[in-house]
Amino acid sequence: MLIQIRPAVASVVAFSVLTGLLFPLAITAVASLLFPRQARGSLVEAGGRVVGSELIGQPFRGDRYFHPRPSAAGAGYDTGASGGTNLGPTSRKLLYGAEDDPATPAIDEGFDGIAQLARAFREINGLGPDAPLPADAVTRSASGLDPHISPANAMLQATRVARARGRPVREVRGLVERHTEPRQMGLLGEPRVNVLLLNLALDGAEAARR
């Protein structure tokens with residue numbers, strides 16, 4: 001039996017060292033050499049301090065800033081609880097949240113459904129009750145940490161932000177256009193706007209005018 005156990009134990013130890021230690025160290029070393037910024041988390045600095053990452057969304061509140069898409073990660077953008085709602089498109093909870101529905105009683109108090117998110121987005125941005133909205137304005141991402149919104153979403157918020165900052169709407173919309181990232185390699189994904197970078201650009205432009 002010892003003859004059988006010895007190679008099994010040796011294999012476990014060897015592969016543990018190889019795949020659990022040497023391989024991760026090699027990949028980390030190569031990544032740090034070829035892509036140092038990305039390997040360190042694509043961190044963003046402002047005023048000499050780290051304010052976030054280009055890859056991780058964070059909440060922004062107030063009329064002076066562009067808001068990210070809704071998040072279901074913990075209380076919102078909680079990196080320790082990344083995840084979506086896992087609700088299907090026919091879910092009444094997804095559609096109505098804690099609202100009273102004509103057919104069913106209130107569902108899961110404290111959860112905002114698409115109807116509530118749409119109403120809040122329109123009210124915050126001064127839109128009419130039937131104004132069409134992009135999907136990312138009223139739905140949560142699968143990770144709950146999406147750092148981007150669609151250009152259409154950003155443009156709908158531009159008037160509110162411009163009014164709060166006392167700037168022409170065309171100036172703020174121009175900033176959105178300059179921070180719109182194209183499809184990767186011209187094919188993958190959709191055009192998108194990084195909310196953190198856009199808001200930092202807003203602050204930077206305001207500071208430059210002082």
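Analyst: Two strands are said to pair if DSSP finds at least two bridges between them. In this predicted model, strand β1 (residues 43–46) and strand β2 (residues 49–53) pair in the antiparallel sense, with four bridges between them.

User: Which residues of β2 are the bridge partners of V44 and A46?

Analyst: The partner of V44 is G52, while A46 is bridged to R49.

User: How many residues lie between the strands of this hairpin, and which residue takes a positive phi?

Analyst: Two residues lie between β1 and β2, and G47 takes a positive phi near 65°.

User: How should I read a cavity, and how many of 30 Å³ or more are there?

Analyst: A cavity is a set of grid points where a 1.4 Å probe fits but cannot get out. With the threshold set at 30 Å³ or more, the count comes to one cavity, and the largest cavity holds about 40 Å³ of space.

User: Which residues line the largest cavity, and of what class are they?

Analyst: The lining is formed by I56, G57, Q58, F60, P68, P147, V195 and L196; by class, six of the lining residues are nonpolar and two are polar, with no charged residues.

Terms used:
Residues numbered from 1 in each chain as written. Predicted model: local features only at pLDDT ≥ 70, side-chain atom pairs only at ≥ 80, totals over all residues. Heavy atoms only, no water. 1 Å grid on protein atoms, 1.4 Å probe; cavity = no way out; pocket = protein on both sides within 12 Å on 5 of 7 lines; lining within 4 Å. Points joined across faces, edges and corners; volume = space filled by probe spheres on them. Nonpolar A, V, L, I, M, F, W, Y, C, P; charged D, E, K, R; others polar.
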